[in-house]
Amino acid sequence: MFVMFVSSAIQSLVGGSLGPLLAQASVLGSGELPFSPVKLVFVLGWFCFCLYLVQRVDDNPLVPVKYRSTVQVASLLVGPLIFLGLRLMDATRSGKLGGSSLNAAGKPNGPGGASGRAKNPWADLVPRAKSFLTNLFKRPAKTVDAAKLQLFDASGTELSQIYGHGDGRTASRHILDLTVQIIDNALQQRASDILIDPIDQSLYAVRLRIDGALRTVRQLPGETSRSVINSVKAVSSMDISERRRPQDGAFTAKRGEVKTSFRVATAGALNGEKLSVRVLNQNAGGFTLADVGIPEHQRAAIVNALGKPSGTVLVCGPTGSGKTTTLYSMLNQIDRMTHNVITVEDPIEAHLKDCSQIEINAKADITFAKALRSILRQDPDVICVGEIRDEETASIALRAAQTGHLVLATIHCDSNATALIRLLDLGVSPLLLSSGLSLLVSQRLIRKLCEQCKKPAQLSPNMLEQFHKSGIDTENISAAVGCDYCGGTGYYGRMAICDLLPISNELRAEIASSGTIMNKLRTDGEKKGKATLKSEALRYVIEGLTTLEELRRVVG
């Protein structure tokens, strides 16, 4: 019965093209043999072809992931029919059936030319049949796509292996692919942070911080988002069963030979769990002071401080202001072949040649203070401290500067004045502070205008009058528009604006007598620092590199 059903189905499908063959099968079947050899060969061929198609369904992009199991079962019975449907779908999607295609010039091909003729979707059936006969009992070896992004934990285990099934079940494979897709999309859009936040119990938002501004790129169902968060926590070596207490972790992503590191933090929030992923800038190891955007007159002061055998250069600014990148650009200014350069970082964001880099590890009891004590016994010339967080780290760093070492460090502060105030509030001796510091650098990152879509700004009469009174040329002042290249924001990339405070002998004396310097720093120091940042940002506005709106957003 099955053979008769299949025969009738195929005969109706191909419009009688198998008529002579089936007629011969009937004649042979009516002879002395108890079965028809032709029908037997046909059934065996049908069965083998179905088995082959079951393998191919798993790799076919036309079959949705959630329906692949159903299609594979159906392929065991009616495989060639499904194959026919997929071939027609593929031909229709690629424009081979119906309608005209475009030639190299972007114009429709004519119906008479070779490129204008509709390609026959059955033309490659012969090569496919040969490939089927060759590989019938040979499972094709899976090759790793060099362009595919892969996620690894600290031990080098890939994400799918962490889940214990390399091929993955259907639901798990979908979640793993979605996790990789979110990370990959963030890298392609130059994002510095990835945020997955609960909107309510049933909906989460995926946001990317690009050029310092957050953008919502997609929204996901609650169950899917929680599974994605668990995937990131698993590859970051975090406890996926704990959703209330804050956790920290890290993982790496690799595409070919390109490797990117990520720092992960989670916390329980209203309506669910919040995930934050920081993308560490792997290119920072090759930056120079000019690449950061520091102008030439300020670079000279920094190079002068870096050329001294001792002292402390302190880079300060809020979170996300590019302090670490500036620190790396300073290290690239130093000849590391003739200097013993040692860094203490949390975490190591970029690898530097001819440099010893130590990473903080709280679980192993490796802190900034303990690492600094160890470094001082290793004959360093230059010491780089990723961040000064406490009085002990600050004191050790400043004492190292007193004893003939060049120290580079960062601190989370709003300005140079508040950096001095914070160091004094941490308990650092005013005398130690005055003798150990050599240069303070406060910086912000300001977005650059997109060169593809910026246009001349329409200034109000009042603003034009103020600019003309100050002798400022307004010809190059531009406004943001927005296009596909910049994601509709009008900005693409960022550059640094800095306020430098060299520690002169007069300022050293004032710092040593902290009773008089504290009030002065809170008033005059703050005003001077903001004025300097505003003047630097205004210079970029006049050159047409950024906008007045961006100046107000960053500096105020």
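Two strands pair if DSSP finds at least two bridges between them. The strands themselves, as well as the helices, are DSSP runs numbered from the N terminus, with at least four residues of H or I for a helix and at least two of E for a strand. Both terms are applied here to a predicted model, in which local features need pLDDT of at least 70 and side-chain atom pairs count only at pLDDT 80 or more, while totals for chains, interfaces and linings use all residues. Residues are numbered from 1 along each chain as its sequence is written, and side-chain values use heavy atoms, with hydrogens and water left out.

**Overall composition**

The protein chain has 19 helices and 16 strands. Of its 556 residues, 41% are buried, where buried means under 20% relative accessible area, exposed means over 50%, and partly exposed lies in between, for a 1.4 Å probe and protein chains only. The chain exposes about 29400 Å², and carbon and sulfur atoms supply 55% of that area; accessible areas come from the Shrake-Rupley method with a 1.4 Å probe, and for residues only the protein chains shown count as cover. Among contacts in the chain with a separation of 6 or more, 62% are between residues 24 or more positions apart. Contact means heavy atoms within 4.5 Å.

Strand β9 (341-345) is mostly covered, with five of its five residues buried. Val341, Thr343 and Glu345 point one way from the strand, and Ile342 and Val344 point the other way. β9 runs parallel to β11, and four bridges join the two; in this pairing Ile342 stands opposite Ile383 of β11. β9 also runs parallel to β10, again with four bridges, and here Thr343 stands opposite Gln357 of β10.

Helix α12 (residues 368-375) has Phe368, Ala369, Ala371, Leu372 and Ile375 as its buried residues. Seen down the axis of α12, these residues fall within an arc of 165°, so they line one face of the helix. The arc is that of the directions from the helix axis to the C-beta atoms. An α-helix has 3.6 residues a turn, so residues three or four places apart point the same way. The cover over the buried residues of α12 includes β9, β10 (356-359), β11 (382-385) and α13 (391-402).

**Backbone exceptions**

Most residues other than glycine have a negative phi, and most peptide bonds are trans. A cis peptide bond joins Asp346 and Pro347, with omega about -10°. Pro347 is in the loop between β9 and β10. Asp354 lies in the loop between β9 and β10 and has a positive phi of about 55° although it is not a glycine. Asp354 counts as partly exposed, at 46% relative accessibility.

Ser237, in the loop between α8 and β5, has a positive phi of about 60° and is not a glycine either. Its relative accessibility is 48%, so Ser237 counts as partly exposed.

Lys233 is found in helix α8 (residues 222-235). With 0% relative accessibility, Lys233 counts as buried. Leaving aside residues up to four places away in sequence, Lys233 touches Met238, Asp239, Ile240, Glu242, Arg243, Gln247, Thr266 and Glu273.

**Aromatic rings**

The structure holds two aromatic pairs. Rings of Phe, Tyr and Trp (its six-membered ring) pair if their centres lie within 6.5 Å; planes under 30 degrees apart count as stacked, over 60 as edge-to-face and the rest as tilted.

| Pair | Distance between centres | Angle between planes | Class |
|---|---|---|---|
| Phe251 and Phe262 | 4.7 Å | 10° | stacked |
| Tyr485 and Tyr492 | 4.6 Å | 25° | stacked |

The phenylalanine pair links distant parts of the chain, with Phe251 in strand β5 (residues 247-255) and Phe262 in strand β6 (residues 258-269), eleven residues apart. Phe251 and Phe262 are both buried. In the tyrosine pair, Tyr485 is partly exposed at 47% relative accessibility, and Tyr492 is partly exposed with a relative accessible area of 29%.
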